[in-house]
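This report goes through one structure part by part. Please look at the sequence and the model before reading on.

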Amino acid sequence: MICKGLVIRLIAGEYLVYDLNSKKILNAKPRGVMRIKSSAPKVGDYVDYTLTDDEKGVIERIHKRRNDLIRPYICNIDQAFVIFSVKEPDLNLNLLDKFLVTLEFNNITPIIVFNKWDLLSYCEIDETKKVISYYESIGYKTIITSCSKNLLNDLKDYIKDKISVFTGQSGVGKSSLLNLIDPTLSIETNEISQALGRGKHTTRHVELINVESGWVADTPGFGTIDFEGMEKIDLAQNFIEFFKYSSLCKYNGCLHINEPSCKVKELVLEDKILKSRYENYLAFINDLGKDKKEYDSSPINSNSKRRRKK
Ligand SMILES: Nc1nc2c(ncn2[C@@H]2O[C@H](COP(=O)(O)OP(=O)(O)O)[C@@H](O)[C@H]2O)c(=O)[nH]1
Ligand SMILES: [Mg+2]
Ligand SMILES: [Zn+2]
């Protein structure tokens, strides 16, 4: 009999598979060619498997992936919670824009979480809210949270029935948020001084954990993605508001740098596009030229979003 499951963990060549019907978790091994790393199942894969006499699974087939990442090493993600603290560490808009453009390119829906809201003073609240409403105005879902005030807002609702990653710098409160959602998880959290210290970035295994009838990977990842597989035009097309206005730029394929009659630059000058967004965009365009040789030229994800301008 063929059963259908979700790969939730990999330990030393053995997989943990969650059966989508019985909702039980079992050990499984891949058959034949799927033992070769390049064609092996990974966390997030939907698989067909059969059972051996001793109740172990044999993975027979991997279903087509909706997206496929290398760092973190996971696939079929529905959405990513991009977690930032508004303080300790300070809100880092450069990193936020980097996450957003990378996720857009990989066809993963970002949800921006602003944690540690309790640490803001009144005037800082106003300032931060302005930034948040800009990101909302261009179409992003945002959530304000605070672990110390037990404030989760809609976070739980978003997690339901989806595969999500929790990503962000260390120390922003990813593990604390997960523990607050489900206290039985007891994930290790770190004092901020420790979390920001060096030597803390050892690669951890990726694992999907069952939270609120959904699946979540708590991963430091993504910070290291560095636009793999992306060209300048991909940056332009995945800064979503730039892409929206680019049809009003004079040149097809405008990169909004030095081109004449550029609508994006005009809107930056009119303060209709957030200045930091544009500055970060230029910085990323600049970074793209560097370190390029380290990567092979194949895109990490065949489903990535290279948009076509009409
Ligand atoms: N004041 C405040 N501290 C928080 C909040 N969320 C997490 N922390 C603290 O921030 C530190 C890092 O949290 P942790 O969950 O380990 O962050 P992670 O590295 O992103 O998983 C811990 O000392 C937490 O107690 C919050 O909303 N407010
Ligand atoms: Mg953590
Ligand atoms: Zn332009």
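## Helix α1

The expected span of a helix is 1.5 Å times one less than its number of residues. Helix α1 has 13 residues and should therefore span 18 Å, which agrees with the 18 Å between its end C-alpha atoms. The model described here is a predicted one.

A residue counts as buried if 20 or more other C-beta atoms lie within 10 Å of its own. In α1, 10 of the 13 residues are buried, so the helix is largely enclosed by the rest of the structure. These buried residues are L96, D97, K98, F99, L100, V101, T102, L103, E104 and F105. They pack against strands β8 and β9 (109-115) and against helices α6 (232-238), α7 and α9 (275-289). Just after α1, N107 has a positive phi of about 60 degrees.

## The chain as a whole

The chain contains nine helices and 13 strands. It has 310 residues, and 34% of them count as buried. Among the contacts with a separation of 6 or more, 67% are between residues 24 or more positions apart.

## The nonpolar core

The largest nonpolar core is made up of 61 residues. Within this core, the residues with the most contacts are I74, V82, I83, F84 and V113. Helix α1, which covers residues 93-105, gives the most to the core, with six residues.

Which residues does V113 touch, leaving out those up to four places away in sequence? V113 touches F81, V82, I83, F84, I143, T145 and L155.

## Residue F84

F84 is part of strand β8. Is F84 buried or exposed? F84 counts as buried because it has 21 C-beta neighbours inside 10 Å. Leaving out residues up to four places away in sequence, F84 touches L91, N92, L96, V113, F114, N115, G168 and V172. One of these, L96, is also among the buried residues of α1.

F84 and G173 are 89 residues apart in sequence, and their C-alpha atoms are 8.0 Å apart in space. G173 is also one of the residues closest to ligand 1.

## The surroundings of ligand 1

How many residues surround ligand 1? There are 19, and the closest are C147, G173, S175, S176 and T189. Two elements give two or more residues to this shell, namely α4 (174-181) and α5 (192-196). The largest share, three residues, comes from α4.

By class, the shell consists of five nonpolar, 10 polar and four charged residues.

## Strands β1, β2 and β4

Strand β1 (residues 3-11) pairs with two strands described here. With β2, β1 runs antiparallel, and six bridges join them. With β4 (residues 46-51), β1 also pairs in the antiparallel sense, over four bridges. L6 has a partner on each side of this description: Y18 is its bridge partner in β2, and Y46 stands opposite L6 in β4.

β1 and β2 form a hairpin with two residues between them. In that turn, A12 has a positive phi of about 45 degrees.

## Helix α2

Helix α2 covers residues 122-137 and has 16 residues. From its first C-alpha to its last it reaches 23 Å, close to the 22 Å expected at 1.5 Å a residue. Just after α2, G139 has a positive phi of about 120 degrees.

## Backbone exceptions

Most residues other than glycine have a negative phi, and most peptide bonds are trans. The following sites depart from one or the other pattern. A cis peptide bond joins E88 and P89, with omega about -5 degrees. P89 lies in the loop between β8 (79-85) and α1.

K23, which is not a glycine, has a positive phi near 60 degrees. It lies in the loop between β2 (14-19) and β3 (25-30). K23 counts as exposed because it has 8 C-beta neighbours inside 10 Å. H256, also not a glycine, has a positive phi of about 60 degrees. H256 lies in the loop between α7 (240-245) and α8 (263-269). With 25 other C-beta atoms within 10 Å, H256 is buried.

Technical notes: Residues are numbered from 1 along each chain as its sequence is written. Chains are lettered from A and ligands numbered from 1 in the order in which they are written. This is a predicted model: local features need pLDDT of at least 70, side-chain atom pairs count only at pLDDT 80 or more; totals for chains, interfaces and linings use all residues. A nonpolar core is a set of buried Ala, Val, Leu, Ile, Met, Phe, Trp, Tyr and Cys residues joined through C-beta atoms within 7 Å. A residue is buried if 20 or more other C-beta atoms lie within 10 Å of its own, exposed if 12 or fewer, and partly exposed in between; C-beta atoms are placed from the backbone. Two residues are in contact if their C-beta atoms, placed from the backbone, lie within 7 Å. A residue is near a molecule or strand if its C-beta atom, placed from the backbone, lies within 6 Å of it. Ala, Val, Leu, Ile, Met, Phe, Trp, Tyr, Cys and Pro count as nonpolar, Asp, Glu, Lys and Arg as charged, and the others, Gly among them, as polar. Two strands pair if DSSP finds at least two bridges between them.
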